[in-house]
Amino acid sequence: MPRAGLSRDAVVDAALALVDADGPAALTLAAVAARTGVATPSLYKHVGSLTELRDLLAVRLFEQLRAEATAAVLGLSGDAALEALMRAYHGYAVTHPHRYALLPQAPAPDPAVAAAGERFVELCFAVLRGYGLDGDDLVHATRITRAAMHGFAVLHTSGGFGLPQDVEATFDRLVATVVRGMTAMASGRR
């Protein structure tokens, strides 16, 4: 019998708390078991493996990121929506750097993780359609935007910006540059 009060969601919650406290490298079934007060074999009643737990975490994290970004862009379009998307993404990464590090950046083999990632990409598509982009242009614009957001997030959260200038001022310039680029792409200038 599963331990009273322990569920799949509770195991994921414990794993997230562990990652938040100690970083992604600390994520092991033994560490999650210790955090939940059970023996490691008891976790197998709720998750089949560390890989399955990582997949469950990835789905949860994609949904959190998408929910925050959706709330930020709701009711906006064009430049305002793109800026809100980029700021929400950056905010999530900076607020939850260890969680952000667990987000897969390539298509995932697990169908649930792939679907959660696709839902976030669909949000990016929706925002960029506000520029009148479609087809290949929409895909290229989404790749450009994701590369800018992810690259900045990784450098920022890993301490990669060692110079004394304000990182947020740099981020403001990145946002302005991407917004101008999307406007140019939409008007046919490259």
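Tutor: Start with residues 5-65. Their end C-alpha atoms lie 27 Å apart, and the span is 70% helix and 0% strand. Keep in mind that this is a predicted model.

Student: What does UniProt list for residues 5-65?

Tutor: The UniProt entry, which is unreviewed, gives "domain: HTH tetR-type" for that span.

Student: And where does UniProt put the "DNA-binding region"?

Tutor: At residues 28-47, again from an unreviewed entry. That stretch is 60% helix and 0% strand. Its end C-alpha atoms are 12 Å apart.

Student: Zoom out. How many helices and strands does the protein have?

Tutor: Nine helices and zero strands. The order from the N terminus is α-α-α-α-α-α-α-α-α.

Student: What does the C-alpha trace span along its principal axes?

Tutor: About 60 × 40 × 25 Å. The protein has 190 residues, and 37% of them count as buried. Take the contacts between residues at least 6 apart in sequence: 68% of these join residues at least 24 apart.

Student: On to the core. How many residues are in the largest nonpolar core?

Tutor: 58. Val32, Leu53, Leu82, Leu85, Phe120 and Met182 have the most contacts inside it. Elements giving two or more residues to this core are α1 (8-22), α2 (29-36), α4, α5, α6 (97-102), α7 (111-129), α8 (135-157) and α9 (167-186).

Student: Which element gives the most to this core?

Tutor: Helix α5, with nine residues.

Student: Phe120 was on your list. What is Phe120 in contact with, leaving aside neighbours within four places in sequence?

Tutor: Phe62, Leu65, Arg66, Ala69, Leu85, Tyr89 and Met149.

Student: Now the helix pair. At what angle do α4 and α5 pack?

Tutor: About 145 degrees, with the axes 8 Å apart. Here α4 is residues 50-73 and α5 is residues 78-95. The crossing of α4 past α5 is right-handed.

Student: Which residues make the contact?

Tutor: From α4: Leu61, Gln64, Leu65, Glu68, Ala69, Ala72 and Val73. From α5: Ala81, Ala84, Leu85, Ala88, Tyr89 and Tyr92. By class that contact has 11 nonpolar, one polar and one charged residues.

Student: What does Pro104 touch, not counting residues up to four places away in sequence?

Tutor: Ala58, Phe62 and Val113. The C-alpha atoms of Pro104 and Ala58 are 7.0 Å apart, while in sequence these two residues are 46 residues apart.

Conventions
Residues numbered from 1 in each chain as written. Predicted model: local features only at pLDDT ≥ 70, side-chain atom pairs only at ≥ 80, totals over all residues. Heavy atoms only, no water. Axes fitted to C-alpha atoms, helices over the stretch in contact; angles between N-to-C directions. Helix = DSSP H or I, 4+ residues; strand = E, 2+ residues; numbered from the N terminus. Left-handed = near helix turned anticlockwise from the far one by under 90°. Contact = heavy atoms within 4.5 Å. Nonpolar A, V, L, I, M, F, W, Y, C, P; charged D, E, K, R; others polar. Core = buried A, V, L, I, M, F, W, Y, C linked by side-chain atoms within 4.5 Å. Buried < 20%, exposed > 50% of the residue type's maximum accessible area, 1.4 Å probe, protein only. UniProt positions renumbered as here; feature names shortened; annotations may be inferred.
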